[in-house]
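Here is my note on the model you sent. Please read it with the structure open.

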Amino acid sequence: MPIALLIVDHGSRREEANQMLYGVADILRQERPEIIVHVAHMELAEPTISQGIEACVREGASEIIVHPYMLSPGRHATEDIPRMATEAGAAYPDVSIRVTEPLGLHEKLCEVILQRAGL
């Protein structure tokens, strides 16, 4: 049963900000080539969450894990994205869709902060 990972950020009017998510997806595909990986933006840009779920289904996903690519468990990560994923997933009743927690607090993120700060 193919599993897909849909990485969802907020979306931006700045195209370079939206393109960054594709780089994340590329890294994930290299790390886990057996997983279908797509990206989506919650608002302001395409692909939308609905379009992202559709792309995963087109590639044969029977399970889609939606990950809010956000730091904190704010309203978008805990309410908006889960609601939008559920609504989009209703068109595919045979596909299991679940939403993860956002990035949150993790020692690896702290390592990145220290690295970026040159410490």
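Predicted model: local features only at pLDDT ≥ 70, side-chain atom pairs only at ≥ 80, totals over all residues.

The points below go from the overall fold to the sheet and then to the helices.

1. Overall fold. The protein has 4 helices and 4 strands. From the N terminus, the elements run β-α-β-α-β-α-β-α.

2. Dimensions. The C-alpha trace spans about 50 × 30 × 25 Å along its principal axes. The radius of gyration is 14 Å. A compact globule of 119 residues would have a value near 14 Å, so the two agree.

3. Burial and contacts. Of the 119 residues, 36% are buried. Take the contacts between residues at least 6 apart in sequence: 72% of them join residues at least 24 apart.

4. The sheet. The 4 strands form an open sheet, and the pairing is parallel. Their order is S2-S1-S3-S4. S2 and S4 (96–99) are the edge strands, each pairing on one side only. From one strand to the next, the twist averages 20°.

5. The S1/S2 pair. These two strands pair in the parallel sense over 6 bridges.

6. Length of H1. Does the helix span fall where the residue count puts it, or elsewhere? Helix H1 covers residues 15–31, which is 17 residues. At 1.5 Å a residue, H1 should span 24 Å. The end C-alpha atoms of H1 are 25 Å apart, which agrees.

7. Which residues of H1 are buried? They are Asn18, Leu21, Val24 and Ala25. These residues cover an arc of only 100° around the axis, so they sit on the same side of H1.

8. What covers H1. The cover over the buried residues of H1 includes strand S1 (3–9) and strand S2 (36–41). H1 lies across S1 and S2. The helix runs at about 165° to S2.

9. H2 on the sheet. Helix H2 takes in residues 49–58. H2 lies across S1, S2, strand S3 (63–68) and S4. Its angle to S2 is about 165°.

Note on methods
Residues numbered from 1 in each chain as written. Heavy atoms only, no water. Expected span 1.5 Å × (residues − 1). Buried < 20%, exposed > 50% of the residue type's maximum accessible area, 1.4 Å probe, protein only. Arc of directions from axis to C-beta. Contact = heavy atoms within 4.5 Å. Pairing = 2+ DSSP bridges. Axes fitted to C-alpha atoms, helices over the stretch in contact; angles between N-to-C directions. Rg over C-alpha atoms; globule rule 2.2 N^0.38 Å.
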